Amino acid sequence: MQVNYSDPIYSEAMAEFKDSFSHSLERLDELLKSLSSDDRYFESLDEIYLLLKRLKGYSNFLKLESISIATKTCEEVALILKSKKPPIKEEMVDWFLIIYDMMVEWERDLQVGNYNLTSLDSYTLNMIKISSISTQKCSDILKTLTILVVEPNENLLKKIVNFLQKRTKKVYLAKDPKSVIGSIEKFRPDIVVTDSDFENIDVVDFIETLKKKYVKIPFISIIKDGDSDLLKRLTISS
């Protein structure tokens, strides 16, 4: 459903949301920093949970899907953390801060009237659940992810695709490494799986070039068994 933000009902609600969002981000910054304090752990989590719940309700009404999905995911994580004893893991705080930084970008966009907000990739949204805090099975998480497979060998490509299609949300293909950037821009995959044997292309340079442009996308390279030199180079580059 498209929302006409010039409509008086939505216009007034958007003005209230912008103000609430700005104040909420200021408070959220303080609360995230206090999560490392055992004394304030549960108090901070309670406030973070309520703050996210309020933002989720606002963004649902205004059809701001990017904010709605992010706040819903963070709210679920906060609820899980409320049932666990402190201290909080550092990787969880880092994950919250990644989402927070994206919210700051959204807040800037909203203030200048840009309501076409960038979406967070599902890998970022789900990676904290993969770590340990969720009861969700890894196989279930995998079903939410999209994969881009870069493989020039037709037979191997079919085998990889057949394997992944049964386990992931969607699999996209790129036979030619030169078309990968276009494929990433078009499909926005959560993970890129690539062969390591390309004609006239060094796979390490290839992956490093892509990682500089797409820093949040994990790259998985399929290498020949026993190719320790390439494995070492890939490990160092990561």
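**Helix packing in close-up**

**View 1. Residues in contact between helices H1 and H4.** In this predicted model, Met-14, Phe-17, Lys-18, Phe-21, Ser-22, Leu-25, Leu-28, Asp-29 and Leu-32 of H1 meet Val-93, Phe-96, Leu-97, Tyr-100, Met-103, Val-104, Trp-106, Glu-107, Leu-110 and Gln-111 of H4 (contact: heavy atoms within 4.5 Å; helices: DSSP runs of H or I, at least four residues, numbered from the N terminus). The H1–H4 contact comprises 14 nonpolar, two polar and three charged residues (nonpolar: Ala, Val, Leu, Ile, Met, Phe, Trp, Tyr, Cys and Pro; charged: Asp, Glu, Lys and Arg; polar: the others, Gly among them).

**View 2. Axes of H1 and H4.** The axes of H1 (residues 8-34) and H4 (residues 90-111) come within 10 Å and cross at roughly 150° (axes: lines fitted to C-alpha atoms over the stretch in contact; angles: 0 to 180 degrees between N-to-C directions). H1 and H4 are therefore roughly antiparallel (angles over 145 degrees). Their crossing is left-handed (the near helix is turned anticlockwise from the far one by less than a right angle).

**View 3. Axes of H2 and H3.** Helix H2 (residues 41-61) and helix H3 (residues 65-81) have axes that come within 8 Å and cross at roughly 155°. H2 is therefore roughly antiparallel to H3. The crossing of H2 and H3 is left-handed.

**View 4. Residues in contact between H2 and H3.** Residues of H2, including Tyr-41, Leu-45, Ile-48 and Leu-52, meet residues of H3, among them Ile-67, Thr-71, Cys-74 and Ala-78. The contact of H2 with H3 divides into eleven nonpolar, four polar and four charged residues.

**Notes.** Residues are numbered from 1 along each chain as its sequence is written, and side-chain values use heavy atoms, with hydrogens and water left out. Local features need pLDDT of at least 70 and side-chain atom pairs count only at pLDDT 80 or more, whereas totals for chains, interfaces and linings use all residues.

Technical notes. Helices (H or I, at least four residues) and strands (E, at least two) are DSSP runs, numbered from the N terminus. Angles under 35 degrees count as roughly parallel, over 145 as roughly antiparallel, 65 to 115 as roughly perpendicular and the rest as oblique.
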